[in-house]
Amino acid sequence: MNDFLIIGGGVIGMMTAWQLAEAGHGVTLFERGQCGQEASWAGGGIVSPLYPWRYSAPISGLSRWSEGRYRDLAARLAEETGIDPEFRRKGLFYLDLDDAAEAMQWAQQQGKPLARVDDGFLYAREPHLVDGLEGALWMPTLGSIRNPRLGQALRSRLGSLPDVTLKEGCRVDRLVVEKGRVHGVDTADGRFSAGTVILCGGAWTGQLLETLGIGLPVRPVKGQMMVYRTPVVSGSRQLLDRVVLAKGRYLIPRSDGRVLIGSTLEEAGFDKATTASARASLHASAVSMLPALADCEVEHHWAGLRPGAPDGLPFIGELPNVRGLFVNAGHYRNGLVLAPAATRLLVDQLLGRAPILDPTPFTPLPGPKGADVGHDVASPGCVLA
């Protein structure tokens, strides 16, 4: 029997299903493709906002709660599934910042170990970075995870749980809503019933809600990335050991020596095609930070679609005027960053537990008839067509 239906098999959907199943509930998760293959696969895996001092207090609250939990999460998944998500906590260097003073002020207020370091400190740890750097800001506590392997591990874990049914390759065509309450979903495999349905469809969440006349302002924002295969340097040392960020672009090292460069920000609808111009731009950014990448093979170039939302605030909670219909979407560039907290916050609401933090800033509120659902519009007008 289904207690919950979840639409969307990314990290948000899978973590939600895992928590609900461990609380003793029956869950069916629908994914039109294969779990963990959209934005959850396409990202870089940094488990912190790129510039955390530039975010609002609600996002910072979710990020703080999530911080540090990935180490235990990765270790548990590795033990239970045999798939290591490769959590690394080796820190991040900011090579140039226009708002370094604001960053330092934020770090002092939050008790974060952000520090100014000189070129000697920098090159002692990353000797292959471009010459001429005078120093950097250094965040030693920042971590990263190999997100494709995280998705594989979560999928494997869910597959081992008797209370979870994974319906991959199964597109949800319609939400079944009668008299203001959701009763289930219609799919190519038939109708599935439950009293609670959770939308975790990333950039595609708004499309399904449109069938109910609900406008949820979650839009796709394309991001292109590349990964380089690097040679062994000085015995076993990699070209890069730590995340490096400059001018909005980042390099992320993997345990096997590969180095990722990301990422573009493109308003291109649902187009996931890669482009020659983005490839050239990403390569130029990569070489400007780590010149040795000029001689390395670009192993793969891909694009994913982030779920953008106004002000970068995700929607987490029950949708207005449809009882039992919940959403967890709109995390933009921070889906992996916020996933532990965002999913826990929603599961707390679903199970009637005290929430880990105030859910109000993320609650979808009704707008006037015909308008989008938003976070801060207090009108009680119906949003159903």
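## A buried glutamate

E126 is buried, with a relative accessibility of 1%. This comes from a predicted model. E126 sits in the loop that runs between helix 6 (119-125) and strand 5 (135-139).

## Cysteines without a bond

How many disulfides does the structure hold? The count is zero. A disulfide is a covalent bond between the sulfur atoms of two cysteines. Here, a pair of cysteine sulfur atoms has to lie within 2.5 Å to count as a disulfide.

C35 is in no disulfide. The cysteine sulfur nearest to C35 belongs to C170 and is 11 Å away. C35 counts as buried, at 3% relative accessibility.

C170 is in no disulfide either. For C170, the nearest cysteine sulfur is that of C35, 11 Å away. C170 is buried, and its relative accessible area is 2%.

## Helix 1 against helix 4

Helix 1 covers residues 11-22, and helix 4 covers residues 69-81. Their axes come within 15 Å and cross at roughly 75°. An angle of 65 to 115 degrees counts as roughly perpendicular. Helix 1 and helix 4 are therefore roughly perpendicular to each other.

Which residues meet? Helix 1 brings M15, W18 and E22. Helix 4 brings Y70, L73, R76, L77 and E80. By class, this contact between helix 1 and helix 4 has five nonpolar residues and three charged residues. No polar residues take part in the contact of helix 1 with helix 4.

Note on methods. Residues are numbered from 1 along each chain as its sequence is written. This is a predicted model: local features need pLDDT of at least 70, side-chain atom pairs count only at pLDDT 80 or more; totals for chains, interfaces and linings use all residues. Side-chain values use heavy atoms; hydrogens and water are left out. Axes are lines fitted to C-alpha atoms, for helices over the stretch in contact, and angles run from 0 to 180 degrees between N-to-C directions. Helices (H or I, at least four residues) and strands (E, at least two) are DSSP runs, numbered from the N terminus. Angles under 35 degrees count as roughly parallel, over 145 as roughly antiparallel, 65 to 115 as roughly perpendicular and the rest as oblique. Contact means heavy atoms within 4.5 Å. Ala, Val, Leu, Ile, Met, Phe, Trp, Tyr, Cys and Pro count as nonpolar, Asp, Glu, Lys and Arg as charged, and the others, Gly among them, as polar. Buried means under 20% relative accessible area, exposed over 50%, partly exposed in between (1.4 Å probe, protein chains only).
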